[in-house]
Amino acid sequence: MTNAGSNSGKCFCGAVQFTVSGEPAGMGYCHCSSCRLWSASPVNGFTLWKSDAVKVTQGAEHIGTYNKTPRSLRKWCKTCGGHIFTEHPDWGLIDVFAGVLPDFPFKPGVHVHYQETVLRMKDGLPKMKDLPKEMGGSGDTLPE
Ligand SMILES: [Zn+2]
Ligand SMILES: [Zn+2]
């Protein structure tokens, strides 16, 4: 991986712009029902970054927040409704949705919460039943 610079992202309308810098802590797909309901899609592509690697460069006043649980602060653009990222304060990480980083090379390495899947993806990547042990999960994997 040689992507040490910064990449820019934006919401659907462009009112909110931000950058991510350095390397993500992880990339993959989440199959949990929360991601599904919030993103209105069968699976959610994530890129996880240390909180200080994500900087909002424009339109911070347009960002809305919804937290169903204190573990996930979900952010979207109040102008266009486009989703931007989710802060995970317990982990010190921000999940920037892969789709809002158009120029960043998305290289998924894992599937998480696969026990909840509604869309099986036979791509040969590991399928975590819930989460890796270091993130508070069982660390168990499931067949594709
Ligand atoms: Zn917007
Ligand atoms: Zn999820």
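Two strands pair if DSSP finds at least two bridges between them; strands are DSSP runs of E, at least two residues long, numbered from the N terminus. The model is predicted: local features need pLDDT of at least 70, side-chain atom pairs count only at pLDDT 80 or more, and totals for chains, interfaces and linings use all residues. Residues are numbered from 1 along each chain as its sequence is written, ligands are numbered from 1 in the order in which they are written, and side-chain values use heavy atoms, with hydrogens and water left out.

**Exercise 1.** Work out which strands S2 pairs with, and in which direction they run.

Solution. 
- Step 1: S1 (residues 6-10) is joined to S2 by 5 bridges, and the two run antiparallel. Ser-6 stands opposite Ser-21.

**Exercise 2.** Sort the residues of S2 (residues 17-21) by face.

Solution. 
- Phe-18 and Val-20 belong to the covered face.
- Gln-17, Thr-19 and Ser-21 belong to the uncovered face.

**Exercise 3.** Describe the site of the zinc ion (ligand 2).

Solution. 
- Step 1: Donors are N, O and S atoms within 2.8 Å of the metal (3.2 Å for Na, K and Ca); water is not among the atoms, so sites may look incomplete.
- Step 2: The SG atoms of Cys-30, Cys-32 and Cys-35 coordinate the zinc ion at 2.1 to 2.3 Å.
- Step 3: The donor residues are spaced C-x1-C-x2-C in sequence.
- Step 4: Buried means under 20% relative accessible area (1.4 Å probe, protein chains only). Cys-32 counts as buried because its relative accessibility is 10%; Cys-35, at 9%, is buried.

Terms used. Buried means under 20% relative accessible area, exposed over 50%, partly exposed in between (1.4 Å probe, protein chains only). Helices (H or I, at least four residues) and strands (E, at least two) are DSSP runs, numbered from the N terminus.
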